[in-house]
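This report describes the packing, backbone and charge pairing of one protein model. The sequence and structure are shown first, and the discussion follows.

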Amino acid sequence: MTKPVNGFSKLNKTEKINWLSENYLDNSAAAVSVLKQYWNDDNDLQKLHDEFIENTVSNFYLPLGLAPNFLINGKYHVLPMAIEESSVVAAASKAAKFWNERGGFKATVINNKKIGQVHFLFQGDFSKLDKLVTKIEPKLRESVKPITRNMEKRGGGILNINLIDKTEELENYYQLFVNFDTRDSMGANFINSCLEKFAEVLEAEAKSNPVFTEEEKNLEVIMSILSNYVPECTVRAEVSCPVNELSEDSTISGEQFAKKFIQAVRIAEIEPYRAVTHNKGVMNGIDAVVLATGNDFRAVEAGVHAFASRNGKYSSLTHATIEDGIFKFWMEVPLALGTVGGLTSLHPLVKLALDILQRPSANELMEITAVAGLAQNFAALRSLITTGIQQGHMKMHLMNILNQNQATEEEKEEMVEFFTHHTITHSSVIEQLEKMRS
């Protein structure tokens, strides 16, 4: 019978695994072997990985693939992509090849402001609070000088500090709403450290303010934290070409392709059920690059999906038009990314991924990542409106099914040849494999 454990974090890794095996894995030697099988033979490297998080027992692998031939702002890139889903890397590579023959991708960072908030409660006269915040702004900035000094040397720092009145939505609720420029760092620790110092100063200044009543002096900070919603840290990625250059398929003209493609985008603009899946395709490309470069894909996901809902209804991130015979496909998306700090200087594969990208700045990484999302969405829509999504996806998925069923190399070769001429489904693969083996 399983039971709670005390002091689990104080156990060493082997002791943690033994406890897990005894209490949850029926003392399975095979399960323990799997955990240990993924340890790195280099003890120093394994120790580095062990210390990324708490209670580590093993490493969890994801494939790292390469999508070549991305022509972005006139320069070729190979995109490192960490993802478990088959067909994503292949689709991105195919879209890259398609567009590098038509001028490539253009990408521009529109803004790179990041946001943090001090959330607090204040009962009293707003005008008095407003005067206090204006008066103490220099003191707030001075209080974080030890934190901001190096960032300011790189051209970043605190941009502005504003008092926001949210009392119509929540009684007595106000914010210090702060914009930051964190240069090539994602900046989460920097922002949070500044905000916590602001909170200390704000509470102290309220307590000692002679014009406040006793109730007003009792200003209460609830929390101080960055926001992962960054609608002013955005990048635009786009492609365009003459409509007659769009089709590579004799069964559909460039004009037919463009009109059908635009209708597919319009459906995602107005239909939330479709928009979620549509945008998931965008995030296939974005997340894979974000993860490979050691950035926080959960933060990016949360911010992007909030952005997709910014007009009150969840909608497509991408858009398409035909103007004067030119097909245009584009996207604006919020991406708060970093190329220094965090895992970027610790994880060997993250450092290598950034080397593959030629050591980009944070702005350049924003551009590259947005392009990955646009390319992925283009590839998905092109499949949907022509051959259908399953043909390419199941072809890539075939190898997964064969591996699940321990197919030999000879069996794999025969199965790939057979399904070149037959429809791939999970059941048809299993059926054909059983026939072959019998």
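Helices are DSSP runs of H or I with at least four residues, numbered from the N terminus. The model is predicted. On that assignment, Asn-27 falls in the loop that links helix H1 (13-24) to helix H2 (29-37). Although Asn-27 is not a glycine, its phi is positive, at about 55°. Most residues other than glycine have a negative phi. Asn-27 has 52% relative accessibility and therefore counts as exposed, since the cut-off for that class is over 50%.

Arg-359 belongs to the loop between helix H12 (348-356) and H13. Its phi, near 50°, is likewise a positive value in a residue other than glycine. The relative accessible area of Arg-359 is 45%, so this residue is classed as partly exposed.

## Helix H1

Just after the helix, Asp-26 adopts a positive phi of about 55°.

The buried residues of H1 are Lys-13, Lys-16, Ile-17, Trp-19, Ser-21 and Asn-23. These buried residues pack against H2 and helix H3 (43-50).

## Nonpolar cores

The largest nonpolar core comprises 96 residues. Phe-70, Phe-120, Phe-198, Phe-261, Phe-327 and Phe-329 have the most contacts inside it. Helix H13 (residues 362-385) supplies the largest share of this core, twelve residues. A second, separate core has ten residues, among them Ile-401, Leu-402, Met-415 and Ile-424.

Which residues surround Phe-70, leaving aside its neighbours within four places in sequence? Its contacts are Lys-75, Tyr-76, His-77, Leu-79, Ala-92, Ala-96, Phe-105, Val-371 and Ala-375.

His-119 is part of strand E4 (residues 114-121). Is His-119 buried or exposed? Its relative accessible area is 8%, so His-119 is buried. When residues up to four places away in sequence are not counted, His-119 touches Tyr-173, Tyr-174, Gln-175, Glu-220, Val-221, Ile-222, Met-223 and Ile-225.

## Salt bridges

Side chains of opposite charge can pair when their charged atoms come close. How many salt bridges does a search of the whole structure find? The search finds 26.

Lys-47 is partly exposed at a relative accessible area of 47%, whereas Glu-51 is exposed at 54%. In helix H9 (residues 254-270), Glu-255 and Lys-259 lie four residues apart, about one turn of the helix. Their side chains meet in a salt bridge of 3.1 Å, N to O. Both partners are partly exposed, Glu-255 with a relative accessible area of 46% and Lys-259 with 48%.

Asp-296 pairs with Arg-298 in a salt bridge whose closest N and O atoms are 3.2 Å apart. Asp-296 is partly exposed at 30% relative accessibility, while Arg-298 is exposed at 52%. Elsewhere, salt bridges that share partners join Lys-97, Glu-101, Arg-102, Glu-248 and Arg-382 into one network.

Notes:
Residues numbered from 1 in each chain as written. Predicted model: local features only at pLDDT ≥ 70, side-chain atom pairs only at ≥ 80, totals over all residues. Heavy atoms only, no water. Core = buried A, V, L, I, M, F, W, Y, C linked by side-chain atoms within 4.5 Å. Buried < 20%, exposed > 50% of the residue type's maximum accessible area, 1.4 Å probe, protein only. Helix = DSSP H or I, 4+ residues; strand = E, 2+ residues; numbered from the N terminus. Contact = heavy atoms within 4.5 Å. Salt bridge = Lys/Arg side-chain N within 4 Å of Asp/Glu carboxyl O.
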